[in-house]
Amino acid sequence: MSILAPAGDAPARTYAAYARPFWQRVVLSREFAVVALLIAAFVYSQTQVDYFDSPQTLYYLFRDSAAILLLALPMTAIIVTGEIDLSVASTVGLTSVAFGMLSNDAGLPVGVAAVAAIVIGALCGAVNGVLVAYVGLPSIAVTIGTLALFRGIAAGLLGTESRTNFPDGWTDLAKQRIVEGQPYPVILLAFVVLALAFAWMLHFSTFGRGIYEIGLNDEAAHFTGVPVARTKAILFVLAGAVAGFVGIYTTLVTGVARAENSAGLELQVIAAVLLGGVSIFGGRGALPGVIAGVLLIGVIQRAMLLNGQTINIINIVIGTLLVLSVTAPRLLAPLQRAVSARKTARASDRAQDSAGKRSLS
Amino acid sequence: MSDAVLQPSAASPARRVLHDVLRSRELAVALVLVALVVVTTANSNAFLFGRTGWRDLLLTPSMLVLLAVGQTAVIITRNVDLSVGSTLGLTAYLTGRLFIDVPGIPIVVVVLAGVAMGAALGAVNGILVAWGRVPALVVTLGTMYVYRGAFLTWAGSDRINAGDMPRAFRDLGTDSILGIPVLTIVALTVLVVVGYYLRTARGGRELYAIGSDPAAAELYGLKVSRRILSAFVLSGALAGLAGVVSAARFGTVSSSVGMGIELQAVGAAVIGGVAIFGGSGTVWGAALGAFLLVTINRSLPVLGISDFWQQAVVGALIVGAIVLDRVLVRRQERALVAAREHGPDAGPPPDRTASTSSGLPPLVASETHDERSREVTR
């Protein structure tokens with residue numbers, strides 16, 4: 001750097017640390033819009049929807065959203081790199097079956113079976129990771145294949161049978177509340193720990209900076225020394241391991257290990273992540289928005305169910321919300337242009353921040 | 001390199017066609033399909049020569065062929081349509097509903113209504129993708145939920161039973177002409193028309209151009225938005241037709257019809273050699289892929305493999321197909337580099353590259369990161 005721009009040759013340019021004050025950066029972000037929407041939906045449901053304020057509602061809201069919340073963490077990181085993982089729900093199904101068979105048929109202690117299930121999940125993720133990162137295959141095609149493959153192995157192992165013989169201690173633990181009488185299930189503890197870990201990884205570590213750089217411009221990332229392939233492979237393995245954990249949780253909380261467990265969940269996870277403001281092209285997005293996105297869907301579901309709506313109407317609403325959330329920037333573009341036109345009158349030489357990004361349709 | 005491309009081939013047209021066919025992906029898939037049928041038939045004669053064997057072999061894939069053809073048109077433009085399964089469900093229900101609500105309605109009108117409805121649903125996707133500038137994966141994921149929800153809300157708890165539909169319509173699902181089931185003829189006709197259009201017509205070639213490089217297509221003056229929209233309309237219309245076909249074939253419409261079939265359609269296209277990043281592949285390959293997927297499903301039980309393993313085999317096949325593609329592209333890239341380094345005669349002419357790779361022979365030095373940039377471009 002110093003060779004290219006020796007000090008003293010040209011007048012040193014100075015940059016403000018940020019173009020906008022802190023509160024504007026927080027409030028005007030995409031993530032904040034989702035959080036605001038979540039709060040609005042929550043307050044509305046709390047006051048207008050009967051029984052929404054009962055502790056049972058929140059408990060089931062958290063319990064049912066837990067799987068999506070957990071899976072959304074690694075999914076966010078993967079989508080930020082510009083890849084996608086459609087196979088997570090199938091990994092959940094496979095690890096659920098593996099967990100059930102290991103503990104019921106093989107007679108392993110539940111703890112050992114759980115560890116084995118997480119390892120199997122990580123192996124599934126490693127298959128994706130190797131094919132995507134090292135063989136260089138498109139992740140959407142690979143994970144459509146492994147979506148069928150992992151689910152197929154689960155179905156092949158167990159067929160239409162199921163395993164239901166789990167110690168009460170473990171199934172109760174999955175359903176237990178942190179403090180009796182409060183609406184917070186124990187799984188939230190695991191989620192908070194994992195969420196903090198992923199938030200640190202994504203937003204506060206060198207590794208995480210690399211993730212965003214890969215998403216914005218993977219060639220530039222490669223040339224600045226980010227190990228592109230290894231980063232992607234690690235993320236897929238993490239996604240598999242978390243899916244393994246979710247497989248155990250789903251098995252214990254429902255008490256059944258079946259091959260069809262969590263079928264179709266991958267699309268819900270991706271919908272929630274995109275709703276939370278992560279760009280499908282990579283490079284943009286933050287965990288707070290994603291978590292708010294998942295909870296927003298959960299709150300809407302609960303509120304509409306309590307209002308007597310069917311799951312079908314709810315799906316229409318969620319689908320519309322997803323489409324709207326991604327078309328919003330386009331719809332708001334004229335407005336933004338008007339604002340930035342006023343701005344450019346003041347600061348005409350601000351560089352385009354999108355330079356060097358992949359130009360995609 | 002440029003010499004290698006610009007010089008007319010010395011071989012005769014017939015030899016070139018033969019060469020292309022022998023090296024084509026379509027032939028490879030077809031051979032696997034034939035081998036599968038032969039092996040299965042060797043195990044159980046009924047698979048091919050049974051009373052319904054031949055008919056089922058041709059009939060069962062017809063629905064997926066229609067979807068795969070539409071999906072191919074969309075994937076070629078570097079997009080994807082995940083909403084076809086829901087569209088199929090909606091139109092299947094519409095078909096039954098029309099027969100119930102409008103007694104004596106001509107079958108042709110019902111078919112046209114199904115196609116029109118599918119086209120309208122596809123147009124919604126297309127408008128959002130082409131003018132909303134939203135990635136197709138997200139839009140069609142959203143509309144998949146919306147269409148499925150609309151279908152289930154509309155249908156409520158009632159399902160269409162065989163008795164609700166006229167005899168003549170249900171017979172379409174079982175009738176044959178010259179030993180070929182009617183529905184298969186429908187699917188094959190669509191396949192031939194679309195295949196011919198994609199190969200020869202200007203609009204078809206523009207779809208490939210758009211998929212190869214959207215930005216270049218735009219700069220070249222192609223009407224990118226309009227073409228992408230028409231691809232989605234085609235995909236929707238064919239999903240609509242597939243909905244009518246499924247109603248005729250199964251005689252009933254349940255709430256789960258078409259669930260998850262969108263991934264099978266994408267899988268069929270990928271197996272058939274349609275590159276997921278657009279610009280390459282044919283509907284012939286996709287249709288063969290669809291035949292292969294469906295036939296595998298039907299032959300596994302005959303071969304003594306529990307049919308619970310079907311899905312795993314399908315998944316392994318998809319992964320295997322894309323790995324194979326990768327290996328072939330690698331080999332071709334090396335041949336191209338060799339051709340550039342040692343003159344035009346050293347390597348085979350670049351016939352299929354323009355598609356899967358960036359269209360330029362990668363420099364030797366930058367080969368590693370060139371492949372990386374390609375894999376991310378979504």
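Predicted model: local features only at pLDDT ≥ 70, side-chain atom pairs only at ≥ 80, totals over all residues.
1. **Overall make-up of the chains.** Chain A contains 15 helices and zero strands, while chain B contains 19 helices and two strands. Of the 361 residues in chain A, 50% are buried; for chain B, buried residues amount to 54% of 378. Chain A exposes about 16,700 Å², with carbon and sulfur atoms supplying 64% of that area. The accessible surface of chain B is about 16,100 Å², and 64% of it belongs to carbon and sulfur atoms.

2. **Range of the contacts.** In chain A, 77% of the contacts with a separation of 6 or more join residues 24 or more positions apart. The corresponding share in chain B is 76%. A:Ala40 belongs to helix α2 (residues 30–48) of chain A. Its relative accessibility is 43%, so A:Ala40 counts as partly exposed.

3. **The interface between the chains.** About 4,700 Å² is buried between chain B and chain A, and carbon and sulfur atoms give 73% of this area. Four elements of chain B each give two or more residues to the side that touches chain A: α9 (136–155), α15 (261–271), α17 (310–342) and α19 (367–376). Of these, α9(B) gives the most, with 13 residues. By class, this side of chain B has 26 nonpolar, ten polar and seven charged residues. The contact takes 43 residues from chain B and 54 residues from chain A.

4. **Polar interactions across the interface.** How many salt bridges are counted between chain B and chain A? The count is zero. Residue pairs in polar contact between the two chains number two, where both residues have pLDDT 80 or more.

5. Over all chains, the structure holds eight salt bridges. One of them joins the side chains of A:Glu83 and A:Lys232, with an N to O distance of 2.9 Å. This pair links distant parts of the chain, 149 residues apart: A:Glu83 is in the loop between α3 (55–80) and α4 (88–104), and A:Lys232 is in helix α11 (residues 228–254). A:Glu83 is buried because its relative accessible area is 1%, under the 20% cut-off. A:Lys232 is likewise buried, with a relative accessible area of 1%.

6. The side chains of A:Arg163 and A:Asp105 meet in a salt bridge at 2.8 Å, N to O. A:Arg163 lies in the loop between α6 (139–158) and α7 (168–175), and A:Asp105 in the loop between α4 and α5 (110–134), so the pair ties together parts that are 58 residues apart in sequence. A:Arg163 counts as buried because its relative accessibility is 15%, whereas A:Asp105, at 43%, counts as partly exposed. A:Asp105 and A:Arg163 are linked with A:Glu161 in a network of salt bridges.

7. **A further salt bridge in chain A.** A:Glu260 and A:Arg258 also meet through their side chains in a salt bridge, at 3.5 Å, N to O. A:Glu260 is partly exposed, with a relative accessible area of 40%. A:Arg258 counts as partly exposed as well, at 33% relative accessibility.

8. **Helix α12 of chain A.** This helix (residues 265–275) is mostly covered, as ten of its eleven residues are buried. The buried residues include A:Leu265, A:Leu267, A:Ile270 and A:Val273, and also the charged residue A:Glu266. A:Gly277 follows α12(A) and has a positive phi, near 100 degrees.

9. Which residue has a positive phi although it is not a glycine? B:Arg78 does, with a phi of about 65 degrees. Most residues other than glycine have a negative phi. B:Arg78 is located in the loop between α6 (62–76) and α7 (84–101) of chain B, and counts as buried because its relative accessibility is 17%. B:Thr40, in helix α3 (residues 25–43) of chain B, counts as buried at 0% relative accessibility. Beyond its neighbours within four places in sequence, B:Thr40 is in contact with B:Phe47, B:Ser299, B:Val302 and B:Leu303.

Conventions: Residues numbered from 1 in each chain as written. Chains lettered and ligands numbered in written order. Heavy atoms only, no water. Buried < 20%, exposed > 50% of the residue type's maximum accessible area, 1.4 Å probe, protein only. Contact = heavy atoms within 4.5 Å. Areas by Shrake-Rupley, 256 points an atom, 1.4 Å probe, with all protein chains shown as cover. Buried area = accessible area lost by both parts, 1.4 Å probe. Salt bridge = Lys/Arg side-chain N within 4 Å of Asp/Glu carboxyl O. Polar contact = N/O pair within 3.5 Å; in protein donor to acceptor, adjacent residues only side chain to side chain.
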